[in-house]
Amino acid sequence: MRPPAEAIGALALIVTAIAFVIFLGVEAALLYSAWRFRASRVPGLAPQITGNRTLEIVWTGIPLLILVVVFVLMTGTMREIGTSVAGGSTPAQMKVLAVGAQWWWEYRYPTSGGDVIVANELHIPVNTPVDVDLETADVVHSFWVPEISGKTDMIPGKTNHLRLYAAHTGTYSGQCAEFCGVEHAWMRITVVADAQGDFDRWLQAQARPRGDASAGAQGEKVFMSNLCVSCHAIRGTDAKGEAGPDLTHVGGRTTLGAGVLTNTPQNMRAWLADPQKYKPGSLMPRVPLSDADLDALVTYLEGLK
Amino acid sequence: MSATTVPTTTTAPTLWVRRPAGAKWAGWLRTVDHKEIGVLYMGMALLFFVFGGLTALTIRVQLAVPENHLVDPAIYDQIFTIHGVTMIFLVAIPVLVGFMNYMVPLMIGARDVAFPRLNALSFWLSFLGGLLVYFSFIAGGGPDAGWFAYPPLSGHTYSTGQGLDYYILGLAVNGAGTIVGAVNIAVTILLMRCPGMSISRLPLFVWMTLVTSFLILAAYPALSAALVMLFVDRHLGAHFFDANAGGDPLIWQHAFWFFGHPEVYIVILPAFGMISEVIPVFSGKPIFGYRFVAASSVAIGFLSMSVWAHHMFAVGMSDAENLFFSGASMLIAVPTGVKVLNWTATMIGGRLRFTTSMLWATGFIATFVMGGLTGVSLAIVPIDWFVTDSYYVVAHMHYVLFGGVVFGVFAGLYYWFPKMTGRLLSERLGKWHFWLTFVGFHMTFLPQHWLGIEGMARRMWTYPASTGWGTLNMLSSIGAGVMTIGTLIFVWNLLVSLRSGQLAGDDPWDAFTLEWTTSSPPVPENYLTVPVATSRRPLWDRKHPDMKDPS
């Protein structure tokens, strides 16, 4: 099996080749007539030709035939990539729920011990068809990781399905594709394809509540006594907010703010000090904190691996 | 055909006093003359084109470099929304309706449109609707949910300002004007043709105007209904689009695109019509396959009513729905292709005069064929899943709406300007205008195909530097700058030529159709005696009595 994006690419290549031939034909005819039939080369009146029925039938029929062929090829590709409804020719071996929200992503992995909730970084095992259920918490979003899949919208009141398949390990970037408000641009998608063993270890780690936080005890106090706690959850603590991303293992993520900054202690500090500077319009407000509190919070959050 | 000769009208336009002295400006408010209303429509389009162009430039400046913080995202959203709304509803439609108003009665040998007062009403509704949309900026902020305003983003929960309300009211009023105007034009074409002007002799611009008028009647009411539903949702607590209360946001998408896709053909068909007038005249021979060009317009009209959901392949419709809309959308390429081939065949074997008008027409075919081909790729469901809502769509859409409609309108404008004003536009400035716009256009929009394929979504106010999209975006922005220079030259050309352009005479292009038999500008009520259409090319017949057009 190949990634859906590759199947689409193969079809697009055929279509592009056909289109390119037609394009060249028309442009060549235009250039030829512009050169051959310009007024200075044609003495007297042009012959008053009004049309040719046979020619019309030919150039109506041939495009029609080409389109029939393209249509048939298209149905083949749709069957191969599992079409819009999950459960195509290759059954999925894994299911994930992705929820779009202004302007970040939540992913839920169903396991025997309940859902494992992560944010903004989707991990999938390599060489494994993954069916993603797509839902939205607010407006219409669209999930698109160009290197491995086409896009599918997240519509209120509806669960859509998208097949992901990565043939190589690595990090793939994507983007919310349906305009969803002020920070549509910084609703970046990160998909990490891991070897199966790495993926299993990652999922087990994510399933655990936050680990030993003794190093960040001061930061945890800052977190719990400020606005942070009303929007974010950290499993294993009293923080149970659901409006923003789950932060139980935020220290292990590669980016902050759904892609706006890479996750380093310096960036974390800058982000916490003023999210609006980096992601204007983001629903995360600027929370006034002293430098000491900020340092403690950074130590705490970066420690949540 | 009968041997009736076309009466000559050599009377100078100065014989007629348009209106009493001193009533100049008030006259424009009171006028019910189809030509003056046509000019009003074109003036409206030019006015809003300034705003549409400035917003486009702002977008290109903002996107020229990655992670640019020049324009605040909340402002950026209003800018691209008003850009789309302006260019579609307040530029493309008015300029085309302006040409229809001005040219259709002349081309069919009528004195005016069927309902002159209704005509004035439709202009003022359209214009005031446009002002209403723009009033939002004075009232506290423009609409910011994109020109297709998908709920719930456009609903009261996520759009708390009044921008969307002015969008709804303005477009409803503007649309009422457009619907009324379409009735008027259709009735005019069906009932007011001069002797000899049978349906099969209608100039192709008139043919395509007729199809467009019926399409407006079929499509616009869907938009009006959707706007009313959105308004009721926002202000009276209905839940048409509220999934939490049993509504469905997809109803809006269906209703909007049921209007929105025919809208594309509503604006492109009159441009096709202009091309179909310009190319034969400057090729010195009749259009190749008149009946096929006319019939393909009707086919496009019907098919365009059943393709709307190709805008929605990513919303999760069933395979059956996707395949139906995919097939219908592919089919529409056939009559469109027939047109392109017939225009090309008209040029082959002709005697081509590359006036500015003809350059625009040739540039139109060369560019539109690319937009048409990418259009077919978007009709193919899996390819659409990949590129929909990306810059690929932005590129495609501008290839058909700019490379198509705008190039077509410029071909028509350089062609008919002398008829409307009595003066020629400068050919020298016109050629600068064409080449700068042509090169700038492709530089702006060709790179956007690749940006879309690489993953750049529409309507992003900025993009990460790590994506590597900076170079192509910069190229695109430079192209926009080149186009701006071309546009400034055009405006200069317009101003200079209106004042002191070369006098045109009745028939500066050695043309074929009736409008070139009257004076330039035409006398009020158009013809001093009732003209007669002896064939599809009555003026050709007069100039070549020994080889009359057989149609």
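Biologist: At what angle do α7(B) and α11(B) cross, and how far apart are the axes?
Modeller: The two axes cross at roughly 120 degrees and come within 9 Å. Axes here are lines fitted to C-alpha atoms, for helices over the stretch in contact, and angles run from 0 to 180 degrees between N-to-C directions. That makes α7(B) oblique to α11(B); angles under 35 degrees count as roughly parallel, over 145 as roughly antiparallel, 65 to 115 as roughly perpendicular and the rest as oblique. Helices (H or I, at least four residues) and strands (E, at least two) are DSSP runs, numbered from the N terminus.

Biologist: What sort of model, and how is the numbering done?
Modeller: This is a predicted model, in which local features need pLDDT of at least 70 and side-chain atom pairs count only at pLDDT 80 or more, while totals for chains, interfaces and linings use all residues. Residues are numbered from 1 along each chain as its sequence is written, with chains lettered from A and ligands numbered from 1 in the order in which they are written.

Biologist: Back to that helix pair. Which residues of α7(B) and α11(B) meet?
Modeller: From α7(B), I275(B), V278(B), I279(B) and F282(B); from α11(B), S357(B), M358(B), A361(B) and F364(B). Contact means that the C-beta atoms, placed from the backbone, lie within 7 Å. The contact has seven nonpolar residues, one polar and no charged. Ala, Val, Leu, Ile, Met, Phe, Trp, Tyr, Cys and Pro count as nonpolar, Asp, Glu, Lys and Arg as charged, and the others, Gly among them, as polar.

Biologist: Is the crossing of α7(B) and α11(B) left-handed or right-handed?
Modeller: Left-handed. The term applies if the near helix is turned anticlockwise from the far one by less than a right angle; clockwise is right-handed.

Biologist: And α7 with α13 in chain B, what angle there?
Modeller: About 40 degrees, with the axes of α7 (residues 249-283) and α13 (residues 391-421) 8 Å apart. α7(B) and α13(B) are therefore oblique to each other. Their crossing is left-handed. Among the contact residues are I275(B) and V278(B) of α7(B), and G404(B), G408(B), A411(B) and G412(B) of α13(B). By class, 13 residues of this contact are nonpolar, three polar and one charged.

Biologist: What does A411(B) touch?
Modeller: Not counting residues up to four places away in sequence, A411(B) touches M274(B), I275(B), V278(B), S357(B), W360(B), A361(B) and F364(B).

Biologist: Which residues have the most contacts inside the largest nonpolar core?
Modeller: I275(B), V278(B) and A411(B), in a core of 261 residues. Its largest share, 22 residues, comes from α3(B). A nonpolar core is a set of buried Ala, Val, Leu, Ile, Met, Phe, Trp, Tyr and Cys residues joined through C-beta atoms within 7 Å. A residue is buried if 20 or more other C-beta atoms lie within 10 Å of its own, exposed if 12 or fewer, and partly exposed in between, again with C-beta atoms placed from the backbone.

Biologist: Changing topic: how many residues of chain B are in contact with chain A?
Modeller: 73 residues of chain B, against 68 residues of chain A. Elements giving two or more residues on the chain B side include α3, α7, α9 and α11. That side divides into 44 nonpolar, 18 polar and 11 charged residues.

Biologist: Where is M330(B), and is the residue buried or exposed?
Modeller: M330(B) is in helix α9 of chain B. It counts as buried, with 24 C-beta neighbours inside 10 Å. Beyond its neighbours within four places in sequence, M330(B) is in contact with L67(A), V70(A) and F71(A), and with V376(B) and A379(B).

Biologist: Which peptide bonds are cis?
Modeller: One of them runs from Q102(A) to W103(A), with omega near -5 degrees. W103(A) lies in the loop between β1 and β2 of chain A. Another runs from P151(B) to P152(B), with omega near 5 degrees, and P152(B) is in the loop between α4 and α5 of chain B.

Biologist: What is phi of E67(B)?
Modeller: Near 50 degrees, a positive value in a residue other than glycine. E67(B) is in the loop between α2 and α3 of chain B and is partly exposed, with 14 other C-beta atoms within 10 Å.

How values were computed:
Two residues are in contact if their C-beta atoms, placed from the backbone, lie within 7 Å.
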